[in-house]
Amino acid sequence: MIASVYLHVPFCAKKCEYCAFYSEGTDSGRMDRFVAALIKEIGRHAALANPKTVFFGGGTPTLLTLAQWRRIFAALTAAGWTNVEEFTIEGNPATISLDKATLFRDHGVNRFSMGVQSLDAPLLERLGRVHTREMVFRSVDILRRAGFDNLNLDLMFAIPGQTMAVWSSTLDEILDLKSEHLSCYEVIYEADTPLYEQLQAGAFDVDEEQACEMYDLMVDRLAARGYRQYEIANFARSDADERDDQPRRACRHNINYWTGGEYLGLGPAAAGHLQGQRYQNWANTDLYCQAIEADRLPRDGGERLNPLAKASESAAFSLRMNRGIDLRGFEDRTGFRLEQTWARELETLVVNGWAEHAEGCFRLTRRGLRFADAAGAELLKG
Ligand code: SF4
């Protein structure tokens with residue numbers, strides 16, 4: 001049985017300058033049609049999954065109305081998908097109300113992830129965000145009042161025009177909000193985004209050295225304030241008596257991705273990994289709805305990875321986590337011995353100072369974590 005379900009809500013009030021996720025503008029008729037299709041897709045897959053984690057991402061899931069959410073929760077309840085260990089909804093600070101937050105809590109949502117990105121007004125504008133810094137503070141207050149005790153805040157660094165001083169004060173202000181979890185990503189210049197086009201047109205330069213300094217400042221500052229890094233971009237507040245190899249507030253849903261687990265992806269543009277096969281739903285709400293309404297799977301294709309390719313992908317993803325690759329667990333899961341099949345690649349990473357062997361694991365060093373994508377690419381085979 002599948003233990004993780006991702007559901008994509010493809011609507012945003014406005015497209016951010018850097019964003020390459022599939023989303024479209026709001027239109028109440030289209031949103032209603034989408035909700036009806038999603039509910040049908042949930043019903044169709046109910047017997048396939050017995051989820052421990054459910055994650056609504058987007059897009060901006062909090063743009064859906066209370067009435068639409070009630071219909072979705074009824075479908076999740078009918079599918080038996082509400083009594084889960086970790087139930088996350090993502091949202092934008094401009095779209096969070098006490099009514100909605102309370103409805104979420106009443107239906108078992110126990111983790112809320114908010115896209116903050118920056119607390120600097122000019123940078124929020126630069127990124128094309130629809131929210132203000134004040135809305136962030138107000139939303140955190142609303143979510144706490146509704147009873148959320150597991151909040152994630154998303155931040156970005158190395159934003160064009162962001163200075164070290166601005167980054168430092170954003171970190172301080174974010175830390176004062178005492179969220180249980182922080183996800184901090186360096187800006188990525190994705191093709192076909194306005195930010196990428198501005199870069200191509202020479203509107204600004206990328207300062208890699210400063211990006212490294214920002215990363216180091218973040219890792220040190222968050223550690224000093226009690227957050228444990230467990231993945232290159234993810235930190236969770238750790239409890240004094242914590243013994244697990246992951247912080248208690250680590251995102252279980254994402255850990256399943258990083259360890260090569262299976263998951264169901266529902267909604268337009270959602271990806272899934274089922275019985276060794278990857279698939280992708282149509283990144284087009286009309287095509288998605290048409291397929292569901294005609295009782296067809298809304299798939300835009302898929303692929304079956306061979307065992308070596310699948311194992312190497314799992315190794316590359318696991319390297320993103322601070323604990324690295326658990327050697328025995330990896331062999332149990334994939335049938336391959338990492339130290340044997342990837343002996344030459346591991347040696348190269350160690351010689352470069354990017355990785356090390358430690359307590360039954362192979363993991364990146366602090367320097368290597370900064371280059372996790374390149375290090376992971378070394379392991380891809382098949
Ligand atoms: S709110 Fe999120 S999903 Fe929507 S455009 Fe901005 S970054 Fe993309």
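Ser314 counts as buried at 5% relative accessibility, where buried means under 20% relative accessible area, exposed over 50% and partly exposed in between (1.4 Å probe, protein chains only). Ser314 belongs to helix α11, residues 307-318; helices (H or I, at least four residues) and strands (E, at least two) are DSSP runs, numbered from the N terminus. Leaving aside residues up to four places away in sequence, Ser314 touches Trp258, Thr259, Gly260, Phe330 and Arg333, a contact being heavy atoms within 4.5 Å.

The model described here is predicted, so local features need pLDDT of at least 70 and side-chain atom pairs count only at pLDDT 80 or more, while totals for chains, interfaces and linings use all residues. Residues are numbered from 1 along each chain as its sequence is written, and side-chain values use heavy atoms, with hydrogens and water left out.

Helix α2 spans residues 66-79, 14 residues in total, and reaches 20 Å from its first C-alpha to its last, close to the 20 Å expected at 1.5 Å a residue; the expected span is 1.5 Å times one less than the number of residues. The buried residues of α2 are Gln68, Trp69, Ile72, Phe73, Ala75, Leu76 and Ala79. These residues sit on the same side of α2 because they cover an arc of only 160° around the axis, the arc being that of the directions from the helix axis to the C-beta atoms. Their cover includes α1 (28-45), β2 (49-58), β3 (86-91) and α3 (98-106). After α2 comes Gly80, with a positive phi near 80°.

Turning to charged pairs, the structure holds 26 salt bridges, each defined as a side-chain nitrogen of Lys or Arg within 4 Å of a carboxyl oxygen of Asp or Glu. One of them joins the side chains of Asp32 and Arg71 at 3.3 Å, N to O. This pair links distant parts of the chain, with Asp32 in helix α1 and Arg71 in helix α2, 39 residues apart. Asp32 is partly exposed at 36% relative accessibility, and Arg71 is partly exposed with a relative accessible area of 35%.

A salt bridge also brings together the side chains of Arg33 and Asp286 (3.3 Å, N to O). Here the linked parts of the chain are again distant: Arg33 lies in helix α1 and Asp286 in helix α10 (residues 285-293), 253 residues apart. Arg33 is partly exposed, with a relative accessible area of 30%, and Asp286 counts as partly exposed at 29%.

The side chains of Asp216 and Arg366 likewise meet in a salt bridge, at 3.2 Å from N to O. Asp216 is in helix α8 (residues 208-224) and Arg366 in helix α15 (residues 366-370), so this pair ties together parts that are 150 residues apart in sequence. Both partners are partly exposed, Asp216 with a relative accessible area of 34% and Arg366 with 41%. Elsewhere, salt bridges that share partners join Glu24, Arg30, Arg33, Asp286 and Glu293 into one network.

The residues around the ligand are Cys12, Lys14, Lys15, Cys16, Tyr18, Cys19, Gly58, Gly59, Thr60 and Arg129, a residue being near a molecule or strand if one of its heavy atoms lies within 4 Å of it. By class, this shell has four nonpolar, three polar and three charged residues; Ala, Val, Leu, Ile, Met, Phe, Trp, Tyr, Cys and Pro count as nonpolar, Asp, Glu, Lys and Arg as charged, and the others, Gly among them, as polar. Within the shell, Gly58 and Gly59 are joined by a cis peptide bond with omega near 15°. Gly59 is placed in the loop between β2 and α2.

Some backbone angles also deserve a mention. Asp192 is not a glycine, yet has a positive phi of about 65°. Asp192 lies in the loop between β6 (181-186) and α7 (194-200) and is exposed, with a relative accessible area of 70%. Asp295, also not a glycine, has a positive phi of about 60°. Asp295 is found in the loop between α10 and β12 (299-304), where it counts as exposed at 55% relative accessibility.

Finally, Thr334 is placed in helix α12 (residues 327-334) and counts as partly exposed at 21% relative accessibility. Thr334 and Asp27 are 307 residues apart in sequence and 45 Å apart in space, C-alpha to C-alpha.
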